[in-house]
Amino acid sequence: MKLFDFSSSTQRALMSGAVALAMSPTVFAHAHLISSVPAANAEAVAPADVIIHFTEPLEPAFSRITLADASGKSATPTASTVDHADARAMRLALPALTSGRYAVHWIAVAIDGHRTQGDFAFNVQ
Ligand SMILES: [Cu+2]
């Protein structure tokens, strides 16, 4: 029986198809920001955390959110975490923040290893 005896040309065709699929950006997209709380330029009242939702699941070991105050110093004592139940969400717990402007910097590494990053700011009243 030769049910699975693919010719070498068939194997080559299958292989090139797999490579094309693996390199297609629509199949393995980068993680892009969908939304955040607080939103960019929001006027926040005693925010408990920064939560960012992304288009793709994140690799927790390489993804993070950091927060800096108006003087550029880190404003949080703890590291961010990727949500266990939804790997497309990342959270940074916040201490009680004094009023002022804060800058969020995020790095998102998708499961395909591609890295995206961005910045936004919000105000605490
Ligand atoms: Cu990608």
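Student: Which residues does Ala108 touch, leaving out those up to four places away in sequence?

Tutor: In this predicted model, Ala108 touches Ala31, Phe54, Leu58, Ser63, Thr116 and Gln117, once residues up to four places away in sequence are left out.

Student: And which residues of the largest nonpolar core touch the most other members?

Tutor: Ala108 is one of them, along with Val50, Leu58, Ile65 and Leu67. That core has 20 residues.

Student: Which elements give two or more residues to this core?

Tutor: They are strands S3 (49–54), S4 (64–68), S6 (89–93), S7 (100–109) and S8 (115–124). The largest share comes from S7, with 5 residues.

Student: Why would nonpolar residues sit together like that?

Tutor: In soluble globular proteins, nonpolar side chains tend to be buried together.

Student: Back to S4. Which of its residues are on the covered face, and which on the uncovered one?

Tutor: Ile65 and Leu67 make up the covered face of S4. Arg64, Thr66 and Ala68 are on the uncovered face. As a general rule, side chains in a regular strand alternate between the two faces of the sheet.

Student: How many bridges pair S4 with S7, and in what sense?

Tutor: There are 5 bridges between S4 and S7, and the sense is antiparallel. As one example, Arg64 has Ile107 of S7 as its bridge partner.

Student: New topic. What is the strand order in the open sheet of 4 strands?

Tutor: The order is S1-S3-S6-S5, with antiparallel pairing. S1 (33–37) and S5 (81–82) are the edge strands, each pairing on one side only.

Student: How many bridges join S5 to S6?

Tutor: S5 and S6 run antiparallel and are joined by 2 bridges. In S6, Met90 is the bridge partner of Val82.

Student: What holds paired strands together in general?

Tutor: Strands of a sheet pair through backbone hydrogen bonds, either parallel or antiparallel.

Student: Zooming out, how many helices and strands are in the protein chain?

Tutor: The protein chain has 1 helix and 8 strands. From the N terminus on, the elements run α-β-β-β-β-β-β-β-β.

Student: What share of the chain is buried?

Tutor: Buried residues are 19% of the 125 residues in the protein chain.

Student: And what share of the contacts join residues at least 24 apart?

Tutor: The figure is 59%, counted among contacts between residues at least 6 apart in sequence.

Student: Now the loops. Where is Phe62, and is it buried or partly exposed?

Tutor: Phe62 is in the loop between S3 and S4. Phe62 has 13 other C-beta atoms within 10 Å, so it is partly exposed. A residue needs 20 or more to be buried.

Student: How far is Phe62 from Gly113?

Tutor: Their C-alpha atoms are separated by 9.1 Å, although Phe62 and Gly113 are 51 residues apart along the chain.

Student: What about the peptide bond from Val37 to Pro38, cis or trans?

Tutor: That bond, from Val37 to Pro38, is cis, with omega near -5°. Pro38 is in the loop between S1 and S2 (43–44).

Student: What is the phi of Asn41?

Tutor: Asn41 has a positive phi of about 65°, although it is not a glycine. Asn41 lies in the loop between S1 and S2. Asn41 counts as exposed because it has 10 C-beta neighbours inside 10 Å.

Student: And what is the phi of Ala46?

Tutor: Ala46 has a positive phi of about 45°, and it is not a glycine either. Ala46 lies in the loop between S2 and S3. With 9 C-beta neighbours inside 10 Å, Ala46 counts as exposed.

How values were computed:
Residues are numbered from 1 along each chain as its sequence is written. This is a predicted model: local features need pLDDT of at least 70, side-chain atom pairs count only at pLDDT 80 or more; totals for chains, interfaces and linings use all residues. A nonpolar core is a set of buried Ala, Val, Leu, Ile, Met, Phe, Trp, Tyr and Cys residues joined through C-beta atoms within 7 Å. A residue is buried if 20 or more other C-beta atoms lie within 10 Å of its own, exposed if 12 or fewer, and partly exposed in between; C-beta atoms are placed from the backbone. Two residues are in contact if their C-beta atoms, placed from the backbone, lie within 7 Å. Two strands pair if DSSP finds at least two bridges between them.
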